[in-house]
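Look at the sequence and the structure below. The paragraphs after them go through a few places, one at a time.

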Amino acid sequence: MPCERKPMRYGHSEGHTEVCFDDTGKFIVTCGHDGDVRIWENLDDDDPRFITVGEKAYSLALKNGKLVTANSSNAVQIHTFPDGEPDGILTRFTTNATHVTFNTSGSKVAAGSSDFLVKVVEVSDSSQQKTLRGHEAPVLSVTFDPKGDFLASASCDGSVVVWNIEEQAQVISWPVLQKTNDVSNAKSLCRLAWQPRTAKFLAVPVETKVHLYERESWNHVTTLSDDLLNQPINVAAWSPCGNFLAAASVGGFIIVWDIESKLCVERQKHEKGFTVCGLAWHPSGSQIAYTDTEGCLGLLEGFRASVPTTNTPKVPAGKPERGYEDLFDDEDDDQVMDEGCSDANSPAKKAASGVQADEEDDDDFVIPATGRVKNRGAILDDENSLDSGSLKFGRPKFGDDNDDDADSAVMTAGPLPATLRPVYEGPQPTPPQKAFQPGSTPVHLTHRFMMWNSVGTVRGYNDEQDNAIDVEFHDTAVHHAMHLTNSLGHTMTDVSQEAVLLACASTNELASKIHCLHFSSWDTNKEWMVDLPQGEDARALCLGQGWAAVATSTLIVRLFTIGGVQREIFSLPGAVVCMAGHGEQLLIVYHRGTGFDGEQALGVQLLQFGRKRRQIINGEPLPISQKSYLCWLGFTAEGTPCYVDSEGVVRMLNRSLGFTWTPVCNTRDTCKSKSDHYWVVGVHENPQQLRCIPCKGSRYPPTLPRPAVAILPFKLPLCQTTTEKGQMEEQFWRSVLFHNHYSFLSSSGYEVDEVGQSQSQKEQQELLMKMFALSCKLEREFRCVELAELMTQNVVTLAIRYASKSRRMALAQRLSEIALEKASQIQEEEQEDVTEYSDIRQTSSGRSSYDQTDVREKHHRRQTLEDERSQELEEEEGEREIESEDGVEAPKRLNPFAKVPGSSLEQATPLSSKVGRPNPFKVLGSGKSSPVSCHPRVKNILDHMTPSRKLAPLSASAGKSNRSPVLKPLPPRAKGKAQSTLLEITGAKAVVKKTQEILEARDDQQKKADAPTAPSPADNAETVRPKTGFQLWLEENRKNITADHPDLEETDIIKEAMGLFRNLSADERLAWTERAKGLTGDVKDLKKRKRTEAGGGIENEIGQLEANENDAKKKKAMDPSSKLSAFAFHKD
């Protein structure tokens, strides 16, 4: 099917244009962005008639002397043709109509609009309208079924819908298109086309291919494609006979397929490579008119696509039918070989002239004047290879089996070569994802977000009026808004609290440039610019704390300081996809290979800059959802890497589980429609928030009006989250995951919010205790032990009390073993820290005294927090038991922890044997938990358990799932000298026994004092290192400092005091130092004073025990029922 391409000519101003022929084929009619409809007699017509229909004309249709246009006044109006007289308005929309078309008879007009509606209007009576509702985005195109029963429409919501016109209902919908929010942003106009005459197939442009769907069954029958099509197809049009389908792409290619053989029979390329947006066949099938986005009109002539009148084999127009002898005639043009080629480029004729073929062998892949690539399509590459289209010659065709036309020119060509290369039918490679900047919208938009992150927004404008960049900061204290002229054409940017980094691509004259606006610089020169080497383009960039990184097209990452000094460079294993920076961390995602069947093969690297530069993640695969791609990459506000894929799944790095990626949210769960998406702009761990922008019918938001940010909750995809057990498990592990950043920040040298950290630990322990209680109710004791492994030592003691109260002694025994293990672990850690502390003191003798006590203060603070949490839990359980006693009296059960009135301690029988295990909860005089090795007699943790009457039964509330125990945090209370233990020994005999132990300990200390022993490091430190002048000054001025700064902690008070002491004059500091030296006394007097204090401490402790016993008796006398059980439930 040879054709000739006519030179194009100017038709309209730059913008969208459309074209059609009149019914006779005498006129070519076009409309354009200038609002005119022009009527051309031929391509050489220099004075065409025109009709002004509005400010802009978006679409036109012509039938039976009626010209219908869609213009910028949101109306579909009708004119007479060719006179151009207005004939009224068919219908109106709330916004502009995007496409109009006639049915076969010309009695109805269908129009699609940007307000998501499709209307079908009677031409003779415009009041007879049918409105088709269901699209969730602007409508791209509409087309009538030639038989008048159905109508097909394509929309920006990604769907192609077939409607039943009479019932105004959807018949079927295919989600095959890429979603967008507006027609102007759509990659393809997706002009649908229904096969004329038979109405058997519906052609749908999908990316670089055309899908054919069969009428009635609506099955996807076949796909038409071509090697030259590497950009989306914009429009498709059937020949009047219905045997050929023409399609035009965004890249300017026009392809014509023979539907019977599914072969490409013609390829043409736009002379300037512009996007073809209009396509129309001449009624005779001999010409194709087309228009582009520059307003130009073109014409292809010489087609032979006339309508057949009989079922005889098709004979090309202008050639006589040949007989049997003519098959071997020298002038035979070999129809099979030349099926897709013009006469001038026939490979069969080239093969006949061997010398000429050899000379032109090097030009096989040069595009000739017809725009076709040689040796493609239905052309045989060599004697042993055949393209996939030609292999389908012998297959049954998908048309009617009884159609004689199907066997016309193809099957009479003779046998195929005997040796054929088999067609590969395995997994197909996936096109690699292009590099993008996280937090930016597509580059092709005229108004777009170049960056939206936690610092600010960067908006780019590239239209007829302005080409500029606006930078706005969420916090104006960082910097005021900036307006930059984008003369270099910057396409990517990043913004931090220190600088704005921009980059542009290279051109034929200029190299790719990196431009940095360092607005936080203290000097006057706040800008610097770097040119990349020739042939190297910036693909991705990011900013960190004091550094910038740029990934280039040569697989290189270049590091710069924020001031412009070049740092290290390193290579990537594959092409970069995107990068993100936060503090001293750099996160890079790149292609580690070729993906197949829609999958992307991505790798990730995580580097940490600082004193010790190291690579934390080195080339590990990045897990994303199936057949998805990466949409966003970044860090949480606390510095944890995370990313989002196109399926809406948010994943976060779990540092405590071998640097694995955990899904924490799915934004699709909160979308109301399939075409709705969330555009992520930030993630926070404390509080747990996902900050994103809802996009209705699109994947990204418009710049105006300024979009509102929504906050989505996190939820781990655990099993059975509708149950109480599943909910608590999800809350616990989410709390653990989202508080891992505390350990990372502390290890990186940052200050940690100790209040928030302790609060998170308390929340986790409360959830564990709730799950423990639920498992006890369900009689899952093994599960209880598993939960106890995750508890702290003090919460395990509470779990022991709960298990004992529930009369689960075997469980309590196992929990006691866990408690002993945890106690020994704590003791080992303390011993290691003491060793480390002593080493620090020996190696850093010049350090101040408050630095030497950091380790002790750290463990003392940790122990204090654990004791406070344990005491709060116990006090809350006591309050619950009091509440339960106020309710209806329930059946009595024995309480192993309550003493029956009138019973003595001698009547109590131990519930377990006294095995040789240490008791970590025994209280010494110092009020601290004694080490295991210091016990003269080892006892079990349940040695002093006594049977007693239970005040509130467990079964009273076990049957009510809606009143599960809730552990509420209580304000910390002042602690006594003795730490709270698991079992409090009551009775006078216990006091006597404790007194005897204290006296024995004092005798042991006296014996050890008499024996010659080596002085301890502490004594040596006290003897050798006298009190400094700063310490003496701090003791006298501490009250003033705390009065001025009541919110400071101990370490902050010392730092403040150091600053004040340094501000003193040299004479004053010397005076304090001399005064401190004068207070140093004799060592023997100091030791004697210590012994005296120690003896007094023992006597005071004995007196304290007696006082505690008296207080306990008074409380018991006042209210015998106030003895609290460990863990009680509400009765009601």
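**A strand between two partners**

Strand E47 (residues 641-645) and strand E48 run antiparallel and are joined by three bridges. Helices (H or I, at least four residues) and strands (E, at least two) are DSSP runs, numbered from the N terminus, and two strands pair if DSSP finds at least two bridges between them. This is a predicted model, in which local features need pLDDT of at least 70 and side-chain atom pairs count only at pLDDT 80 or more, while totals for chains, interfaces and linings use all residues. Residues are numbered from 1 along each chain as its sequence is written, and side-chain values use heavy atoms, with hydrogens and water left out.

Within this pair, Tyr643 stands opposite Arg651 in E48. Three residues lie between E47 and E48 in their hairpin, and Gly648 in the turn has a positive phi of about 85 degrees. E48 is also joined to strand E49 (residues 660-666), by six bridges, and these two run antiparallel. Here Val650 has Cys665 in E49 as its bridge partner. The hairpin of E48 and E49 has five residues between the strands, and Gly658 takes a positive phi near 70 degrees there.

How enclosed is strand E48 by the rest of the structure? Six of the six residues of E48 (residues 649-654) are buried, so the strand is largely enclosed; buried means under 20% relative accessible area, exposed over 50%, and partly exposed in between (1.4 Å probe, protein chains only). In a regular strand the side chains alternate between the two faces of the sheet. Val649, Arg651 and Leu653 are buried on one side of E48, and Val650, Met652 and Asn654 are buried on the other.

**Two helices that cross**

Two packed helices are described by the angle between their axes and the distance between the axes. The axes of helix H14 (residues 1029-1044) and helix H15 (residues 1050-1063) come within 10 Å and cross at roughly 110 degrees. Axes are lines fitted to C-alpha atoms, for helices over the stretch in contact, and angles run from 0 to 180 degrees between N-to-C directions. H14 and H15 are therefore roughly perpendicular to each other; angles of 65 to 115 degrees count as such, under 35 as roughly parallel, over 145 as roughly antiparallel and the rest as oblique.

**A loop residue**

Val183 is in the loop between strand E18 (169-174) and strand E19 (193-194). Its C-alpha atom is separated by 6.6 Å from that of Pro138, 45 residues apart along the chain.
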